[in-house]
Amino acid sequence: MIMTNQTHTIHGIFPCPVYIVKRDSNLSPKEAKEIRKIIDKEGMYKNVGNASSTNSYIFNGKLKKIKQFCEQQLKIYVEQVIVPKEELDFYITQSWLNITKPGEWHHQHSHQNSIISGVFYISTEEDDRITFTDPNVKVKELIDFEKKEFNVWNSSIWSFPSVTNQLILFPSWMNHKVEVNEKATTDRISLSFNTFVGGILG
């Protein structure tokens, strides 16, 4: 006899946290001026598919209110995701601007020498996205099934919209990329940063 009315549950274990929050205020004229100065005066260098600022420590003296916002959200992330027993001092190390012109992209990568990484979006378009790759993809795709539809259980990649004035925080070891936005007509500008920690880790 086959039972057809049994209930079941599906549990998600060992999830990867991606923290998303939007800043209440838009760029101030002073912040916009500082960003323009970083791009025009301090300069950008060409990466594969995009450009980054030559200044890789932007938060050391510039864009103080954006830095404060990022630090506040970093504190919440640590309290709710890591939930440390001892008080820890997570602090921003490197911080740099990225410019992605129409037709450009960011190759898949992770951030070394960092614990939590972040990206704050300064200027984006409607179809801009950031895409994360499952760290276990090589194991999971040893046997690969065709999917009728994708969900959080069977997907090897997952994307989130990139929205102006939005901050995304994630573990630095997570591979991520930015694919070409075919509809883009303006430059996408973002500010990325890395973090490290002081205190008793355990």
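I started with Gln166 and listed its contacts, leaving aside neighbours within four places in sequence: Ile20, Val21, Lys22, Val119, Phe120, Tyr121 and Pro161. The model I am reading is a predicted one.

Next I looked up where Gln166 sits in the secondary structure. I found Gln166 in strand E9, which covers residues 166–171.

Is Gln166 buried or exposed? I noted a relative accessibility of 9% for Gln166. The cut-off for buried is under 20%, so Gln166 counts as buried at 9%.

I then turned to the sheet. In which order do the four strands lie? I read the order as E5-E10-E7-E8, in an open sheet with antiparallel pairing. I marked strand E5 (106–109) and strand E8 (157–161) as the edge strands, since each pairs on one side only. I recorded an average twist of 20° from one strand to the next.

I took the pairing of E7 with E8 separately. Strand E7 spans residues 129–133, and five bridges join E7 to E8 in an antiparallel run. How is Thr131 placed in this pairing, and what is its bridge partner in E8? I found Ser159 as the partner of Thr131.

Last, I checked the cysteines. How many disulfides does a search of the whole structure find? I got zero. I also looked up accessibility for two cysteines. Cys70 has a relative accessible area of 0%, so Cys70 is buried.

Definitions and conventions
Residues numbered from 1 in each chain as written. Predicted model: local features only at pLDDT ≥ 70, side-chain atom pairs only at ≥ 80, totals over all residues. Heavy atoms only, no water. Pairing = 2+ DSSP bridges. Helix = DSSP H or I, 4+ residues; strand = E, 2+ residues; numbered from the N terminus. Axes fitted to C-alpha atoms, helices over the stretch in contact; angles between N-to-C directions. Disulfide = S-S within 2.5 Å. Buried < 20%, exposed > 50% of the residue type's maximum accessible area, 1.4 Å probe, protein only. Contact = heavy atoms within 4.5 Å.
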